[in-house]
Amino acid sequence: MTKRLIFNAFCMNALSHVYHGLWRHPETRQRNFNDLSVWTDLARLLEEARFDGLFLADVMGVDPIHKGRPDIYIEQGIHFPSNDPSILVGALAGVTEHLGLMFTSSILQAHPVEFARRVSTLDHYTRGRIGWNIVTSANAAAAKLFGHDGLTQHDDRYQWAQDYVDAAYRLWEGSWENDAVLNDPAGGRYAHPARVHEIRHKGPRYTITGRHMSTPSPQRTPFLIQAGSSPSGRDFAARNAEATFIVSLSAEGARRAISDINGRLQSVGRKPGDILFFQGLSFVIGSTDDEACRKAREMDEWVNHEALSAHVGRDLGVDFGSLDPDKPVRELDVQGLQGFTKFVEEANPGKVVRLRDLSTAMSYNGRIVGSPETIADRLRDWRDAGIDGVNIAYQTLPGSFEDFARHVMPVLRKRGLAQESYAPGTLREKLFPGRGPRLETGHPAAASRLHFGSVARLEVST
Ligand SMILES: Cc1cc2nc3c(=O)[nH]c(=O)nc-3n(C[C@H](O)[C@H](O)[C@H](O)COP(=O)(O)O)c2cc1C
């Protein structure tokens with residue numbers, strides 16, 4: 001049987017997300033991101049087209065990393081200003097029935113007790129459609145914003161993240177027994193005190209003693225997503241994630257990333273298939289390939305290339321503004337660029353990679369321009385490389401998604417590459433057919449589950 005792909009709209013509750021400069025395009029509603037109707041209209045459109053989910057990125061802090069200043073990020077609205085995606089998800093809960101609602105939250109932002117309660121509330125209101133993209137915030141401005149002296153060392157950030165998720169797992173999985181809620185008006189008892197347990201978490205950073213404030217939501221633990229590409233990031237994904245977000249620059253690159261992460265699963269008691277791989281891609285669609293190329297050229301006239309380089313420079317921790325964009329990257333002695341340069345070289349064999357190529361690689365290497373049939377062919381190639389789904393970045397909002405829904409989805413459906421209808425149940429059941437609403441027992445979070453009756457089992461330290 002053909003393996004279908006999962007399709008998520010990859011958005012940000014902000015002015016400018018991936019294709020910087022396009023916020024000025026006359027046909028985009030992105031400029032009105034403070035207006036809730038932009039998002040409720042989008043959510044309805046996505047659900048009508050049977051997209052699997054809306055995936056919301058989020059970034060904290062504004063780094064002074066382009067020409068030594070933060071100016072371009074503010075002037076061009078690069079991930080700033082932005083609104084809280086979890087509040088947006090709360091509003092979208094009321095206008096959708098099936099769409100998965102996945103949002104990013106950094107371990108820096110909220111205490112795990114507050115975060116776990118917020119997620120449980122959202123999971124109740126959406127009947128189990130919440131996904132959490134776990135990020136560690138790799139920029140110093142985010143750390144300073146939250147009162148830290150500077151960025152925590154790379155691998156220490158993942159240890160912190162493990163402590164954070166372990167605390168949250170205990171709250172979601174280990175506090176309330178399945179039959180703790182009696183809801184018995186006749187008997188006069190809402191909940192059974194002996195079945196609502198104190199958790200005792202003592203980790204390197206968090207010490208938590210007490211009961212989870214919300215009753216168990218349909219999924220308990222939300223659908224867990226992670227995006228990180230280093231060895232420790234991949235180890236964290238192998239241990240915790242049910243989906244990982246990759247931005248490989250070619251189908252071959254995706255195959256390698258997938259094989260690497262799958263290879264890390266066994267040592268943590270999990271197996272290939274336990275993690276879904278969402279690849280970031282974008283599309284420009286025309287009735288013919290030529291028309292699509294014409295449209296792409298028109299779109300490109302709006303792109304602000306300096307803003308693209310400021311974005312990539314921030315992600316790589318290198319001030320692109322102070323370097324010559326035409327310089328071959330091999331001639332630059334910048335450690336932070338070496339890994340990414342290798343990926344760009346692999347995706348563009350035989351080409352001398354210049355700094356400006358790195359700026360455009362993230363947005364353009366993953367961009368497919370063509371007719372719906374061409375796009376379906378290319379998506380089949382990515383699927384054959386092992387990806388399970390696509391996070392679709394957009395040029396205009398909602399135009400890019402309207403085009404995809406109207407022109408590409410029908411072709412994909414005909415080829416068995418997109419779902420015909422929503423499966424019943426929670427996001428976890430929709431994305432893992434045949435599994436239940438809760439995390440499977442092989443997942444490390446299951447260890448946080450009470451063997452109810454033995455409270456001592458919750459007194460786990462990390
Ligand atoms: C595809 C992808 C998407 C990401 N999205 C976000 C995001 O929305 N917010 C954020 O703060 N960090 C985001 N990150 C950053 C990661 O969470 C992580 O901090 C960064 O990649 C550094 O970790 P690494 O060295 O393991 O890759 C993203 C990373 C990748 C690769």
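Does glutamine 30 count as buried or exposed, and at what relative accessibility? At 3% relative accessibility, glutamine 30 counts as buried, because buried means under 20% relative accessible area. Keep in mind as you explore that this is a predicted model.

**Glutamine 30 and its surroundings**

- Look for glutamine 30 in the loop that runs between strand 1 (6-12) and helix 1 (36-48).
- Its side chain makes a polar contact with the side chain of tyrosine 394, at 2.8 Å.
- Setting aside neighbours within four places in sequence, glutamine 30 is in contact with Met12, Ala14, Leu15, Trp39, Tyr394 and Leu397.

**Arginine 24, in that loop too**

- Arginine 24 also sits in the loop between strand 1 and helix 1.
- With a relative accessible area of 41%, arginine 24 is partly exposed.
- Apart from neighbours within four places in sequence, arginine 24 is in contact with Arg31 and Trp302.
- A polar atom of the arginine 24 side chain lies 3.2 Å from the backbone oxygen of tryptophan 302.
- Between arginine 24 and valine 334 there are 33 Å in space, C-alpha to C-alpha, and the two are 310 residues apart in sequence.

**Helix 10, from end to end**

- Helix 10 covers residues 305-316, and at 1.5 Å a residue its 12 residues should span 16 Å. The C-alpha atoms at its ends are 16 Å apart, which agrees.
- After helix 10 comes glycine 317, which has a positive phi, near 75°.
- Nine of the 12 residues of helix 10 are buried, so the rest of the structure largely encloses this helix.
- The buried residues are Ala307, Leu308, Ser309, Ala310, His311, Val312, Gly313, Arg314 and Leu316.
- Their cover includes helix 2 (71-75), helix 11 (338-347) and helix 12 (355-365).

**Helix 7, another enclosed helix**

- Helix 7 takes in residues 231-240, and seven of its 10 residues are buried, so it too is largely enclosed by the rest of the structure.
- Ser232, Gly233, Arg234, Phe236, Ala237, Ala238 and Asn240 are the buried residues here.

**How helices pack in pairs**

- Two packed helices are described by the angle between their axes and the distance between the axes.
- Helix 11 and helix 12 pack at about 55°, and their axes are 11 Å apart. These two helices are therefore oblique to each other.
- Helix 11 passes helix 12 in a left-handed crossing. Phe340, Thr341, Val344 and Ala347 of helix 11 make the contact with Leu358, Ala361, Met362 and Asn365 of helix 12.
- Helix 1 and helix 3 (residues 85-93) pack at an angle of about 55°, with 10 Å between their axes. Helix 1 and helix 3 are therefore oblique to each other.
- The crossing of helix 1 past helix 3 is right-handed. Here Leu36, Trp39, Thr40 and Ala43 of helix 1 meet Leu88, Ala91 and Leu92 of helix 3.

- Serine 282 lies in strand 11 (residues 276-285), and at 1% relative accessibility it counts as buried.
- The serine 282 side chain makes a polar contact with the side chain of tyrosine 19, at 2.7 Å.
- Not counting residues up to four places away in sequence, serine 282 touches Tyr19, Ser363, Gly366, Arg367, Ile368, Ala393 and Gln395.
- Arginine 413 belongs to helix 14 (residues 399-414), and with a relative accessible area of 13% it is buried.
- Leaving out neighbours within four places in sequence, arginine 413 is in contact with Ala49, Arg50, Ala418, Gln419 and Glu420.
- Arginine 413 and alanine 376 are 37 residues apart along the chain, and their C-alpha atoms are separated by 9.8 Å.

Terms used. Residues numbered from 1 in each chain as written. Predicted model: local features only at pLDDT ≥ 70, side-chain atom pairs only at ≥ 80, totals over all residues. Heavy atoms only, no water. Helix = DSSP H or I, 4+ residues; strand = E, 2+ residues; numbered from the N terminus. Expected span 1.5 Å × (residues − 1). Buried < 20%, exposed > 50% of the residue type's maximum accessible area, 1.4 Å probe, protein only. Contact = heavy atoms within 4.5 Å. Axes fitted to C-alpha atoms, helices over the stretch in contact; angles between N-to-C directions. Parallel < 35°, antiparallel > 145°, perpendicular 65-115°, else oblique. Left-handed = near helix turned anticlockwise from the far one by under 90°. Polar contact = N/O pair within 3.5 Å; in protein donor to acceptor, adjacent residues only side chain to side chain.
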